[in-house]
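My entries follow the display.

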Amino acid sequence: MEKDNVLEQLGKTGIVPVVVLEDCEQALPLAEALMKGGLPCAEITFRTDAAEESIRRITKAFPDMRVGAGTVLTTEQADRAIDAGAKFIVAPALNPKVVRHVLSKNIPMCPGTCTPSDIEGALELGLNHVKFFPAEPSGGLKMIKAIASAYVNVRFMPTGGINADNVKDYLAYNKVFACGGSWMVKGDLIKAGRFDEIERLVKEAVSIVKEIRG
Ligand code: 3PG
């Protein structure tokens, strides 16, 4: 279960900020705001050209931060993310080729799932930590609980449509190891350089985790 360790550690903070960075100059101020706010982790999505360099800068400046790459759709993107220092890889779906490739590099992989078939695909690949995506449109906590009743050892990271209100219910369920979301790191806040506001929203998110999980 070595490969799951980083994913299990994400459970310590309970929330994983899902970040889209358009400019790698924003990477370090963003990472500082996350650290100061109490969330030393992030999923930097490979949806922009700035993702790879942002991961490189953050992992160099903050080696203890649990920084992963998200929206990794190809083995080539996975290689670039891992080379930049990504400590875990997240994807919106379960692509066995990408999962096998990432695991072969001894890096944890958290693929997207939203059906029992997806879960069986993940189990077949030796995974028991999965993203549940897109969480709210796919049935939210009700759907996760229904799936989890059949696959008792699977742990979920719901992502998509989660916010400061509904995150409480997800965190209260013991099969949810962490929740992913962008609500505290919205693109407009990053673009406007409003890192104080990001830090405030991160602190608010951390206090919600404490309230629910103690
Ligand atoms: C995404 O697709 O960007 C992530 O799942 C985050 O979703 P959110 O913006 O609804 O939090």
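Entry 1. I note at the outset that the model is predicted. I began with Arg56 and found that this residue forms a salt bridge with Glu52, with 3.9 Å between the closest N and O atoms. Both residues belong to helix H3 (residues 51-61), and they are 4 residues apart, about one turn of the helix.

Entry 2. I then looked up the exposure of the two partners. Arg56 is partly exposed at a relative accessible area of 29%. Glu52 has a value of 19%, and because buried means under 20%, Glu52 counts as buried.

Entry 3. I found that Arg56 also forms a salt bridge with Asp83, where the closest N and O atoms are 3.1 Å apart. This pair links distant parts of the chain: Arg56 is in helix H3 and Asp83 in helix H4 (residues 75-84), 27 residues apart. Asp83 counts as exposed, its relative accessibility being 58%.

Entry 4. Which residues are linked with Arg56 in a network of salt bridges? I recorded Glu25, Glu52, Glu53, Arg57, Glu76, Arg80 and Asp83 as the residues linked with Arg56 in that network.

Entry 5. I counted the whole structure next: it holds 12 salt bridges. One of them joins Lys36 to Glu199, with the closest N and O atoms 3.9 Å apart. Lys36 lies in helix H2 (residues 27-37) and Glu199 in helix H10 (residues 195-213), so this pair ties together parts that are 163 residues apart in sequence.

Entry 6. Finally, I compared the exposure of this pair. Lys36 is exposed, at 55% relative accessible area, whereas Glu199 is buried, at 13%.

Technical notes:
Residues numbered from 1 in each chain as written. Predicted model: local features only at pLDDT ≥ 70, side-chain atom pairs only at ≥ 80, totals over all residues. Heavy atoms only, no water. Salt bridge = Lys/Arg side-chain N within 4 Å of Asp/Glu carboxyl O. Helix = DSSP H or I, 4+ residues; strand = E, 2+ residues; numbered from the N terminus. Buried < 20%, exposed > 50% of the residue type's maximum accessible area, 1.4 Å probe, protein only.
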